[in-house]
Amino acid sequence: MNDPNGLVYHNGKYHLFYQYYPDGIVWGPMHWGHAESTDLLHWKQLPVALYPDTLGWIFSGSAVIDKHNTAGFGKNAMIAIYTYHNDDIWKAGKKNTESQALAYSLDEGKTWTKYKANPVLNNSGEQDFRDPKVFWHQGTSKWIMALAVGDKIKLFSSQNLKEWQEESVFKPTEKNTELGVWECPDLFSMKTDSGETKWIMIINHGDKGPNGGSCTRYFIGDFDGKTFTQTQNAKWLDHGTDYYAAVTFSNVPNDKKIVLGWMSNWQYATKVPTEVWRSAMTLPRELELIKDKNGYYLNQKMVSQLAAVTKPIFSKANVATPFEKKEIDLSQSEVRFDFSQPTDAMITLSNTKGELFTITIAGNIVVTDRSHSGQTAFHESFAAKPQVMSVEDRITSVQLVLDKSSVEILLNGGKYSMTNLCFPTEAYSEIKIITKDSIALSNFTVNAISRIW
């Protein structure tokens, strides 16, 4: 599996569709897999939603709830807007390989009917014409589609999801646009605590991320129903190598913005040393729009439901550094603590075989190193170099969420994020924290996270 698709909330359930090849653990003709959840953590696997057909494979897209029956499929129909990819045309060297199409469900995503007049938006001959993210714009009473087209984002509008009109083109003001294929855009508004509204454009890029390969960045700006205008420089949503195709759920109560990413990287996604399955999603994170002295940024917090599956196995109000805790199962765990004062530090997760994953904090630089984390030889780029993140302020809080083959890192309450895969051959069972100055780590907690399957 790869990209999350059609993320939508409906009648008390979160629906996760995703790029899926059911016949193997390498990439192949894409389908839309389907899972649903009431809490974003425990997922029920459902039958494949969309299969390839004569128009092509089923690439990425989004889903909406048509509350006003604008498309005529039925009130509150769940409608998927997705990309057809015609591989035969692509292999023939022609550019018009991709188009946008509709399918609808009247039973909460259990069964689907493809629109008989597909495709609804034909390729005009441009290479890479994909991944529609659609939302209802209240101001213009129209559906808006953000579509990745080459090295830009095109915005289209429609009153019925079937007939689309191009409104504008967005290309960032920064010169750094040579970031591989552009994919999986998202466009939505958010309010700050003070009530100020800004628009966020998320764009996922196939190459040349901050630490190599696939990456996700976002732009802050304004949107008038036709044109998105960037108002500050782009920021990375995550600085790790394993956070891609990130988009938000539609139709969430109270207009919450919950983002989900694919936890891998196209440099080595088909080579990672797993059996039976290949690839996973990140934990869902709730976004907050924060304004500080440097402008606006998206803060990420693990969804509050995570607390329901955690149980403390070690907790102290204060521990002195250097700190070491051995013989503790970190394979499915959450580690949290605060620095009593900013300081340089090294955090090491290790096991009895000497395999280790390190996080180094030095001034305004954070570095992760997985070169000795376990299995790394499956691809030359996986552990070729440490991963580096520059931060605007000193690190004061750390949250690590570990699964058997991943470490999701949120720093300073979610202002900074790094997501990494790692493949230890036995569970990490020791955490060590060394600081430049001898200080206290406050609110130090290690939680076990229960299985969700």
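User: In which strand of this predicted model is the place of Gln399?
Analyst: The model is predicted, and its strands are numbered from the N terminus. Gln399 falls among residues 397-403, and the strand made of these residues is S29.

User: Is Gln399 buried or exposed?
Analyst: A residue counts as buried when its relative accessible area is under 20%. Because the relative accessibility of Gln399 is 11%, this residue is classed as buried.

User: With which side chain does the side chain of Gln399 make a polar contact?
Analyst: Leaving aside neighbours within four places in sequence, Gln399 is in contact with residues including Met302, Val335, Arg336, Glu408, Ile409 and Leu410. Glu334 also belongs to that list of contacts. The polar contact, at 2.7 Å, is made between the side chain of Gln399 and that of Glu334.

User: Which side chain is joined to that of Asn204 by a polar contact?
Analyst: Asn204 lies in strand S14, residues 197-205, and it counts as buried because its relative accessibility is 0%. Beyond four places in sequence, its contacts include Val181, Trp182, Glu183 and Cys184, as well as Tyr244, Ala245 and Ala246. Cys215 and Thr216 are also in contact with Asn204. The side-chain polar contact of Asn204, at 2.5 Å, is with Thr216.

User: What percentage of the residues of the protein chain count as buried?
Analyst: Among contacts between residues at least 6 apart in sequence, 59% join residues that are at least 24 apart. For burial, the criterion is a relative accessible area under 20%. Of the 453 residues, the share that counts as buried is 58%.

User: Which strand gives the most to the lining of the second largest pocket?
Analyst: About 610 Å³ of space lies in this pocket, and of its 24 lining residues the closest to its centre are Phe135, Trp136, Ser250, Asn251 and Asp255. By class, the lining has 11 nonpolar, 7 polar and 6 charged residues. Strands S5 (57-66), S9 (129-137) and S13 (182-191) each supply at least two lining residues. The strand that gives the most, with 5 residues, is S9.

User: Which elements give two or more residues to the lining of the largest cavity?
Analyst: The structure holds 2 cavities of 30 Å³ or more, and the largest has a volume of about 100 Å³. Of the 16 residues that line this cavity, Pro4, Gly61, Ser62, Lys133 and Val247 are the closest to its centre. The elements that give two or more residues to this lining are strands S1 (4-10), S5, S9, S13 and S18 (244-248).

User: Which strand supplies the largest share of the lining of the second largest cavity?
Analyst: About 40 Å³ of space lies in the second largest cavity, and its lining divides into 3 nonpolar, 3 polar and 3 charged residues. Among the lining residues are Thr368, Asp369, Arg370 and Ser371, while others include Phe382, Ala383, Lys385, Pro386 and Gln387. The largest share, 4 residues, comes from the strand of residues 365-372, which is S27.

Key. Residues are numbered from 1 along each chain as its sequence is written. This is a predicted model: local features need pLDDT of at least 70, side-chain atom pairs count only at pLDDT 80 or more; totals for chains, interfaces and linings use all residues. Side-chain values use heavy atoms; hydrogens and water are left out. On a 1 Å grid over the protein atoms alone, a cavity is a set of points where a 1.4 Å probe fits but cannot get out, and a pocket is an open set with protein on both sides within 12 Å along at least five of seven lines; lining residues have an atom within 4 Å of a point. Grid points are joined across faces, edges and corners, and a volume is the space filled by probe spheres set on the points. Ala, Val, Leu, Ile, Met, Phe, Trp, Tyr, Cys and Pro count as nonpolar, Asp, Glu, Lys and Arg as charged, and the others, Gly among them, as polar. Buried means under 20% relative accessible area, exposed over 50%, partly exposed in between (1.4 Å probe, protein chains only). A polar contact is a pair of N or O atoms within 3.5 Å; within protein, one must be able to donate a hydrogen and the other to accept it, and residues adjacent in sequence count only if both atoms are side-chain atoms. Contact means heavy atoms within 4.5 Å.
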